[in-house]
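Good morning, and thank you for coming.

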Amino acid sequence: MKVGFVGLGLMGRPMAENLRKAGHELFLTSRSGVPQDMQGEGMTACANAAEVASNADVVITMVPDTPDVEKVLFGENGVASGLSKGKLVIDMSSISPVATKGFAKRIGELGCGYVDAPVSGGDIGAKAGTLTIMVGADDADFERAKPLFEAMGKTITLVGPVGSGQTCKVANQIIVALNIQAVSEALVFASKAGADPVRVRQALMGGFANSRVLEVHAERMINRTFKPGFRTGLHMKDLEVALSNARALGVAMPGTALAQQLFNSCVAAGEIDEDDSVMCKAIERLSGHEITKKS
């Protein structure tokens with residue numbers, strides 16, 4: 001397919017590269033510019049999102065937040081101004097489900113389809129092409145987009161109509177944040193009690209407490225390697241979306257609120273661009289103890 005891709009950051013770049021490896025022709029733009037090594041051989045740098053949309057049959061957006069998606073779609077030289085009837089827009093950012101439905105309506109009025117397809121799996125999954133992709137779309141648009149998803153992800157689920165993908169991603173971010181909090185508390189507890197966190201992690205991975213967070217994030221906590229990954233600032237943003245929607249729905253989420261405050265404290269400590277496993281530092285500061293391996 002002729003595929004437009006807007007947003008070549010930590011996640012967007014490897015996702016776009018996997019699309020190219022699958023044989024799709026790419027038209028690219030990004031706020032920071034298109035890297036030189038992503039130009040040529042089926043990859044064309046465009047001046048703006050409108051130019052991307054005018055050249056491509058399907059346009060994918062992968063940007064940080066709801067206002068960024070709105071600007072990319074409907075701002076000056078945005079995607080909408082380059083669309084023609086019959087094209088498809090796929091937003092793979094993680095944003096508000098309510099705003100997503102509004103964006104879909106506006107794109108639909110131009111005679112184009114809209115799919116929301118946020119992802120989970122971090123930069124590791126993006127590079128490996130093993131992302132989990134949560135999709136909100138009608139059946140026809142999903143089938144049209146599916147070959148592209150298969151180039152970028154491993155687990156692809158049509159959750160429901162437009163907006164459902166973003167709702168699922170919010171649920172994902174709640175679960176991941178609370179897992180990071182639990183693993184942080186467990187490792188700080190074990191370390192301060194005198195146990196080797198390396199061996200504690202190994203033991204827990206063989207039992208019911210095992211999780212991807214224990215496998216990946218706990219290793220980062222123990223080895224003090226907080227290069228993202230998935231940035232703390234973005235996870236904090238996702239929890240803000242979760243809590244604002246929870247208020248509108250009348251849903252109680254006390255654990256999510258606490259995780260949000262821990263992320264807030266990390267941001268206040270200057271850790272906004274570090275991996276979200278850095279939440280352990282918030283627990284460490286409260287406990288007066290840093291996770292320390294003995295071997």
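Is E41 buried or exposed? E41 is exposed, because its relative accessible area is 74%; here buried means under 20% relative accessible area, exposed over 50%, and partly exposed in between, with a 1.4 Å probe and protein chains only. This is a predicted model, in which local features need pLDDT of at least 70 and side-chain atom pairs count only at pLDDT 80 or more, while totals for chains, interfaces and linings use all residues. Residues are numbered from 1 along each chain as its sequence is written, and side-chain values use heavy atoms, with hydrogens and water left out.

E41 sits in the loop between strand 2 (25–29) and strand 3 (43–45). Helices (H or I, at least four residues) and strands (E, at least two) are DSSP runs, numbered from the N terminus. E41 has a positive phi of about 50 degrees, although it is not a glycine. N77 is not a glycine either, and it has a positive phi of about 60 degrees. N77 belongs to the loop between helix 3 and helix 4 (79–82), and it is partly exposed, with a relative accessible area of 40%.

Let us turn to helix 5. Which residues of helix 5 are buried? They are P97, A99, T100, F103, A104 and I107. Seen down the helix axis, these buried residues fall within an arc of 150 degrees, so they line one face of helix 5; the arc is that of the directions from the helix axis to the C-beta atoms. In general, an α-helix has 3.6 residues a turn, so residues three or four places apart point the same way. The face of helix 5 turned away from the buried side carries the exposed residues V98, K101 and K105. Among the elements covering the buried residues of helix 5 are helix 3 (66–74), strand 5 (88–91), helix 8 (164–192) and helix 11, where contact means heavy atoms within 4.5 Å.

Next, a helix pair. Helix 9 (residues 197–204) and helix 10 (residues 212–223) pack at an angle of about 175 degrees, with their axes 10 Å apart. Axes are lines fitted to C-alpha atoms, for helices over the stretch in contact, and angles run from 0 to 180 degrees between N-to-C directions. Helix 9 and helix 10 are therefore roughly antiparallel, the term for angles over 145 degrees. In this contact, P197, V198, R201 and L204 of helix 9 meet L214, E215, A218, E219 and I222 of helix 10.

The peptide bond from P228 to G229 is cis, with omega near 10 degrees. T232 is found in helix 11 (residues 232–249), and T232 is buried, with a relative accessible area of 0%. Leaving aside residues up to four places away in sequence, T232 touches residues including F263, V267, I272 and V278.

Finally, helix 13 (residues 279–287) has M279, C280, K281, A282, I283 and E284 buried. These buried residues pack against helix 8, helix 10 and helix 12 (254–268). E185, in helix 8, is 95 residues from C280 in sequence and 7.3 Å from C280 in space, C-alpha to C-alpha. Just after helix 13, G288 takes a positive phi of about 65 degrees.

Terms used
Angles under 35 degrees count as roughly parallel, over 145 as roughly antiparallel, 65 to 115 as roughly perpendicular and the rest as oblique.
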